[in-house]
Amino acid sequence: MNRFFDIPSDLQHSWLGLVGLHLREALLPVLAGLVAALPIAQLCVRFRWLYAPVLGVTTVLYAIPSLAFFVVLIDYTGQTELTVMIPLAVYSLVVLVPAIVDGVRSVPQETLAAATAMGLGPVRRYLQVQLPIAVPAIIAGLRVATVSSISLVSVGMLIGNQGALGNLLQDANSYHRPELAVNSVVTTAALAILADAALVGVRILLTPWMPRAARRGGPGPAEERPEPSVPALEGALEDGPQALEDAR
Amino acid sequence: MNVLHFVNAFFSDGSHWHGYDGIPARLAEHIRYSLLALGLAAVVGLPVGLLTGHYGRGGNALALIATAGRALPSFGLLVLMFILLGFGMVPVMVPLVVLAVPPILVTTYEAMRSVDPSPVDAARGMGMGESRVLFQVELPVALPLILSGLRSAAIQIISTATIAAYVSLGGLGRYIVDGLYQLDYEKVVGGATLVAVLALVTLGVFWAAGRFAVSPGVRRGG
């Protein structure tokens with residue numbers, strides 16, 4: 001085990017250097033994906049008909065294997081970090097758009113009406129009401145995007161050793177040092193778990209209004225269920241006793 | 001245009017349609033790996049998700065397991081298993097199953113938790129036992145979400161099964177890895193296209209399964 005952190009010199013990095021490189025190659029694309037996903041999601045919320053085609057396109061993009069994506073991009077961007085980061089940004093985008101759309105759509109209508117009544121314009125309403133309420137859904141999407149991005153960087157090893165910690169896998173194979181592969185897997189998993197925990201921390205900081213024992217499950221349509229309290233009851237009173245039973 | 005040209009060249013080359021390295025053979029291998037991995041993951045994920053969701057216990061533990069499963073890098077796991085276990089199916093199945101279990105597990109749990117409690121109470125009131133409540137009330141209502149979990153697991157498996165080629169197994173990844181080392185761009189693009197098409201067909205299959213299996217009362221747009 002004393003050779004566990006003994007990184008072969010052909011990688012030209014220390015263990016910590018590889019960790020830094022890995023984080024950069026994984027997190028910058030997620031950031032880029034988030035920056036691109038916010039306006040796209042907003043367009044999908046504004047124009048409902050846009051959502052289905054956007055979902056279709058993103059699903060196809062997500063189905064392209066990362067390795068094939070990397071190899072095809074070599075023709076344009078060479079065997080560089082950028083070739084690894086572009087597909088990761090696209091995958092992040094694909095995960096984030098539905099998460100953000102679901103989150104923004106889950107904002108109750110009366111909340112929006114209250115914001116408008118208080119004199120908020122569309123921009124301030126978006127920034128100060130819709131986005132903060134959508135934070136849990138957005139963070140849930142970010143967690144999936146970040147973790148899978150950290151995991152996928154390793155595949156970059158196949159295109160000219162651009163895989164940061166994944167490069168250890170190649171060396172483990174060629175130098176017959178399995179501990180390097182263990183190091184790669186364990187370190188990558190640890191990075192992913194730490195990043196995930198950091199995002200949960202961010203969520204708790206950004207949403208002090210949420211109950212402390214909030215559910216920590218993955219993202220999904222089930223996560224953001226609007227409370228059917230007030231509007232359901234109002235409707236029930238108009239519709240008669242039968243609907244009142246339904247509302248319960 | 002460039003890419004389309006390569007796609008066309010790949011599929012119109014007659015030699016790509018025959019033999020052990022032909023498209024039908026590789027496609028069959030890929031589907032076999034994917035089905036096996038999805039089956040194994042479903043055998044692990046579905047019962048656990050259904051039971052924990054039914055009793056509403058262990059959600060946090062599930063979330064932890066799912067996070068750990070997502071955090072393990074598929075490619076690293078594949079190479080590690082290959083180094084430790086040698087050539088074979090097991091080194092490929094381990095990362096694919098680890099990849100597929102979290103979405104199935106979490107979505108199934110969430111689906112069971114999000115079932116409207118009033119029909120469940122009604123079923124209990126009618127004297128249904130736990131297993132009948134689970135299979136005749138909760139499962140049909142939760143089915144659309146459960147299917148969506150299986151669907152995203154299947155898509156991820158299909159796209160990730162390509163890495164099996166790196167450890168000398170077959171599947172559509174063969175084209176991508178071989179093309180990479182032979183500098184044969186056409187092969188890479190062709191292989192990627194096949195994988196994407198397979199994923200789309202899978203989406204169609206799950207859509208059809210949803211039409212077929214989900215009861216009409218549950219299938220309201222949402």
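Predicted model: local features only at pLDDT ≥ 70, side-chain atom pairs only at ≥ 80, totals over all residues.
Is B:Ala111 buried or exposed, going by the other C-beta atoms within 10 Å? Residues are numbered from 1 along each chain as its sequence is written, while chains are lettered from A and ligands numbered from 1 in the order in which they are written.

**Figure 1. Chain B, a chain with 9 helices and 0 strands.** Helices (H or I, at least four residues) and strands (E, at least two) are DSSP runs, numbered from the N terminus. Follow the sequence of chain B and you get α-α-α-α-α-α-α-α-α. Its C-alpha atoms fill a box of roughly 65 × 40 × 30 Å along the principal axes. UniProt, in an unreviewed entry, lists residues 27-206 of chain B as "domain: ABC transmembrane type-1"; UniProt positions are given in the numbering used here, feature names are shortened, and annotations may be inferred rather than shown by experiment. That span is 83% helix and 0% strand, and its end C-alpha atoms lie 19 Å apart.

**Figure 2. B:Ala111, a residue of helix H5 (residues 90-113) of chain B.** Here is the answer: B:Ala111 is buried, because 26 other C-beta atoms lie within 10 Å. A residue is called buried if 20 or more other C-beta atoms lie within 10 Å of its own, exposed if 12 or fewer, and partly exposed in between, with C-beta atoms placed from the backbone. Of the 222 residues in chain B, 45% are buried. Now look for B:Leu62, 49 residues from B:Ala111 along the chain: the C-alpha atoms of the two are separated by 14 Å.

**Figure 3. The meeting of chains A and B, with 40 residues of chain A in contact with 44 residues of chain B.** Two residues are in contact if their C-beta atoms, placed from the backbone, lie within 7 Å. On the chain A side, helices H2 (51-63), H3 (66-77), H6 (122-152), H7 (167-174) and H8 (178-206) each supply at least two residues. H8(A) gives the most, with 10 residues. Sort the chain A residues of this side and you get 23 nonpolar, 11 polar and 6 charged. In this sorting, Ala, Val, Leu, Ile, Met, Phe, Trp, Tyr, Cys and Pro count as nonpolar, Asp, Glu, Lys and Arg as charged, and the others, Gly among them, as polar.

**Figure 4. H8(A) packed with helix H4 (residues 74-85) of chain B.** Their axes are 9 Å apart, at an angle of about 155 degrees. Axes are lines fitted to C-alpha atoms, for helices over the stretch in contact, and angles run from 0 to 180 degrees between N-to-C directions. H8(A) and H4(B) are therefore roughly antiparallel (angles under 35 degrees count as roughly parallel, over 145 as roughly antiparallel, 65 to 115 as roughly perpendicular and the rest as oblique). Residues to find here include A:Val182 and A:Val185 in H8(A), and B:Leu80 and B:Ile83 in H4(B). The contact of H8(A) with H4(B) divides into 9 nonpolar, 3 polar and no charged residues.

**Figure 5. H3(A) packed with H8(B).** This pair has an angle of about 30 degrees, with axes 10 Å apart. That makes H3(A) roughly parallel to H8(B). A:Leu67, A:Ala68 and A:Val71 of H3(A) make the contact with B:Ile176, B:Gly179 and B:Leu180 of H8(B). Those residues are 5 nonpolar, 1 polar and no charged.

**Figure 6. H7(A) and its buried residues.** A:Asn167, A:Leu168, A:Leu169, A:Gln170 and A:Ala172 are the ones to spot. The buried residues of H7(A) pack against H8 of chain A together with H4 of chain B. After H7(A) comes A:His176, with a positive phi near 55 degrees.

**Figure 7. B:Leu183, in the loop between helix H8 (173-181) and helix H9 (185-213) of chain B.** Most residues other than glycine have a negative phi. The phi of B:Leu183 is positive, near 50 degrees. B:Leu183 is exposed, because 9 other C-beta atoms lie within 10 Å.
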